[in-house]
Amino acid sequence: MDDTVDVKVLDNENTISVASTFAGHHEEIQDRDHSFLQKAVEKAYDGVNCGHGGPFGAVVVLKDEIVVSCHNMVLEYTNPTAHAEVTAIREACKKLGRMELSDCEMYASCEPCPMCFGAIHLSRIKWRVYGARAEAAIAIGFDDSIADAIRGTAHYQKPNLEIKRADGNVAAIADKAASRIKLVQAITLYGGRLVQH
């Protein structure tokens with residue numbers, strides 16, 4: 001079942017219906033949300049006009065106020081992870097001084113790629129509204145695995161990319177390091193004292 005709806009004007013009330021990446025949000029979005037989505041689209045134009053990256057913009061909102069508005073910075077930063085959503089999450093976390101954005105909303109010009117979807121999930125953003133579907137990005141030359149990866153309709157695996165776990169001592173060293181890091185975090189969490197069970 002498709003968990004999205006296309007952006008379109010309904011009636012004369014300036015009410016629009018906007019796609020959401022999360023099930024259960026097939027509700028009409030009022031003018032407030034339309035203005036935030038419009039800002040994300042404006043940022044997408046800004047990014048293209050100044051040559052920073054692809055036509056993608058994102059806005060993070062907290063209590064009806066824009067925290068940050070960003071555009072794709074892939075070309076400017078020479079960084080393939082500098083998508084509009086990831087950049088907006090980084091900037092919002094920095095500005096708010098925290099990693100969790102569970103009380104924030106995100107508005108973006110396009111459906112998220114798998115990386116952006118993961119960043120949105122990890123930041124705990126509660127509501128994510130987007131305008132264009134992934135097919136719009138595909139139509140202008142962006143990776144056609146975006147929609148398939150989000151919707152689970154194909155394998156998101158590049159033919160020239162192989163992922164495997166290291167064997168032997170290297171894997172054991174990495175496992176041991178992860179265990180030590182967890183122990184240090186636990187000690188720090190409990191004020192420098194080790195709690196035994």
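**Helix packing and a buried glutamate in a predicted model**

Q: Why are α3 and α4 called roughly parallel to each other?
A: In this predicted model, the axes of helix α3 (residues 84-96) and helix α4 (residues 114-123) cross at roughly 25°; since angles under 35 degrees count as roughly parallel, the two helices are therefore roughly parallel to each other. Their axes come within 8 Å, and the crossing is left-handed.

Q: Which residues make the contact between α3 and α4?
A: From α3 the contact draws on Glu85, Val86 and Ile89, while α4 contributes Met115, Cys116, Ala119, Ile120 and Ser123.

Q: How do the residues of this contact divide into nonpolar, polar and charged?
A: The contact of α3 with α4 comprises 6 nonpolar residues, 1 polar and 1 charged; Glu counts as charged, and Glu85 belongs to the α3 side of the contact.

Q: What makes glutamate 85 count as buried or exposed?
A: Glutamate 85, whose place is in helix α3, has a relative accessible area of 6%; because buried means under 20%, this residue is classed as buried.

Q: What does glutamate 85 touch, not counting residues up to four places away in sequence?
A: Glutamate 85 touches Ala58, Met106, Ala108, Cys110, Pro112, Cys116, Ile120 and Arg128, and Cys116 and Ile120 are also among the α4 residues in the contact with α3. The C-alpha atoms of glutamate 85 and cysteine 70, 15 residues apart along the chain, are separated by 7.7 Å.

Q: How many of the residues of the protein chain count as buried?
A: Of its 197 residues, 35% count as buried, in a chain with 7 helices and 8 strands.

How values were computed:
Residues are numbered from 1 along each chain as its sequence is written. This is a predicted model: local features need pLDDT of at least 70, side-chain atom pairs count only at pLDDT 80 or more; totals for chains, interfaces and linings use all residues. Side-chain values use heavy atoms; hydrogens and water are left out. Axes are lines fitted to C-alpha atoms, for helices over the stretch in contact, and angles run from 0 to 180 degrees between N-to-C directions. Helices (H or I, at least four residues) and strands (E, at least two) are DSSP runs, numbered from the N terminus. Angles under 35 degrees count as roughly parallel, over 145 as roughly antiparallel, 65 to 115 as roughly perpendicular and the rest as oblique. A crossing is left-handed if the near helix is turned anticlockwise from the far one by less than a right angle, and right-handed if clockwise. Contact means heavy atoms within 4.5 Å. Buried means under 20% relative accessible area, exposed over 50%, partly exposed in between (1.4 Å probe, protein chains only).
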